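Morning, everyone. Let me put today's model on the screen, and then I'll walk through it.

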Amino acid sequence: MAEKPRLKVPKEAKKGDLIEIKTLLPHVMESGQRKDRDGKMIPRKIINKFVCEFNGKPVFAVDLEPAVAANPYMQFHAKVDESGTFKFSWIDDDGTVTTAEESVTVM
Amino acid sequence: MRQLSRRDALALGVSGAAITFVGLDERAFAAAKEASEQIAKFTGGMPAVSGKISIELPEIAENGNTVPLSVSVDAPMGADNYVSEILVVADGNPNPGVATFHFSPLSAKAQASTRIRLATTQNIIAVAKTSKGEFLTGQRLVKVTVGGCGG
């Protein structure tokens, strides 16, 4: 069950502004290193890729390893020259893709 | 059965200690080796220049399960020359890879932060790649009180 991501993106910006974006997706990020109560390995299940696009153009992406903490948090910047929509995608080991969108108005 | 003399007992103790020491050392060494292999793969054997890259981490991380990490490179992010990737590895984790950040001219700032897991006190190494194929590197020691890799 994909959980709802939390996003922090400014609603408005001036042309050419550098804006800060923060994202967090609730996810266990099971490392594949832990054992359950019976001593069996719990299989790995992590978000292995995060992608951010603006109006279809790539802005920022991350390849995640099991060493990224649970509920992967990402903070980064983007320069906006035009109004548009940021699209965020989180790709799970099992193939599930969680997406979210946030639009910015450039004045 | 022969009684252990004091000298024998002492020798046993010493060799035992030596074995444990070597064992631990080998494990740490293997992780560090894997980390450097991963870096070599990333750079393709090209030399990486130290400096210009900064790694922000707490000096002492009390909980290895979630350690705030921020990496940044002091370099311009123009359309023709920008920092395209930053690889972060932890040389004391069971798997040294932590994350690879991919930037674009639209990111406009070669900086990102996240939260990571650290098994033990170790070095965090970051290697940045520019779009022109230059490599920059930096490293930072972090002390971890309680490791964060389950068990």
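I'll go through confidence, the chains, the contact between them, the core and a few single residues.

First, the conventions. This is a predicted model: local features need pLDDT of at least 70, side-chain atom pairs count only at pLDDT 80 or more, and totals for chains, interfaces and linings use all residues. Residues are numbered from 1 along each chain as its sequence is written, while chains are lettered from A and ligands numbered from 1 in the order in which they are written.

Confidence next. The model scores ipTM 0.93 and pTM 0.85. Chain B has an average pLDDT of 85, and 80% of its residues score at least 70. pLDDT is the predictor's confidence in each residue, from 0 to 100. Where pLDDT is low, the predicted coordinates should not be read in detail.

Now chain A. It has zero helices and eight strands. Helices (H or I, at least four residues) and strands (E, at least two) are DSSP runs, numbered from the N terminus. The C-alpha atoms of chain A fill a box of roughly 60 × 20 × 20 Å along the principal axes. Of its 107 residues, 30% are buried. Buried means 20 or more other C-beta atoms within 10 Å of the residue's own; exposed means 12 or fewer; partly exposed is in between; and C-beta atoms are placed from the backbone.

Take contacts in chain A between residues at least 6 apart in sequence: 55% join residues at least 24 apart. Two residues are in contact if their C-beta atoms, placed from the backbone, lie within 7 Å.

How do the strands pair? Pairing requires at least two DSSP bridges between two strands. Strand E4 (residues 47-54) of chain A runs antiparallel to strand E7 (residues 84-92) of chain A, with seven bridges. In that pair, A:Phe54 has A:Phe86 as its bridge partner in E7(A). E7(A) also pairs antiparallel with strand E8 (residues 97-106) of chain A, over eight bridges. There, A:Phe86 stands opposite A:Glu102 in E8(A). The hairpin of E7(A) and E8(A) has four residues between the strands, and A:Gly95 in it takes a positive phi near 95 degrees.

Stay with A:Glu102 for a moment. Its C-alpha atom is separated by 11 Å from that of A:Thr23, 79 residues apart along the chain. A:Thr23 lies in strand E3 (residues 17-24) of chain A. Buried or exposed, A:Thr23? It counts as buried, because it has 23 C-beta neighbours inside 10 Å. Beyond four places in sequence, A:Thr23 is in contact with A:Pro5, A:Leu7, A:Met74 and A:Phe88.

Over to chain B. Of the 151 residues, 36% count as buried. Of the contacts in chain B with a separation of 6 or more, 70% are between residues 24 or more positions apart.

Now the contact between the chains. It takes 26 residues from chain A and 27 from chain B. On the chain A side, the elements giving two or more residues are strand E5 (57-64) and strand E6 (73-80) of chain A. E5(A) gives the most, with eight residues. E5(A) also pairs antiparallel with strand E6 (residues 97-103) of chain B, over five bridges. One bridge to point at: A:Asp63 has B:Thr100 as its partner in E6(B).

On to the largest nonpolar core. A nonpolar core is a set of buried Ala, Val, Leu, Ile, Met, Phe, Trp, Tyr and Cys residues joined through C-beta atoms within 7 Å. This one has 60 residues, and B:Ile86, B:Val88, B:Ala126 and B:Ala128 touch the most other members. Strand E5 (residues 83-90) of chain B supplies the largest share, six residues. Outside four places in sequence, the contacts of B:Ala128 include B:Ile53, B:Ile86 and B:Phe135.

A:Asn71 has a positive phi of about 55 degrees although it is not a glycine. It sits in the loop between E5 and E6 of chain A. A:Asn71 is partly exposed, with 16 other C-beta atoms within 10 Å. B:Ala108, also not a glycine, has a positive phi near 60 degrees. B:Ala108 lies in the loop between E6 and strand E7 (111-116) of chain B. B:Ala108 counts as buried, because it has 22 C-beta neighbours inside 10 Å.
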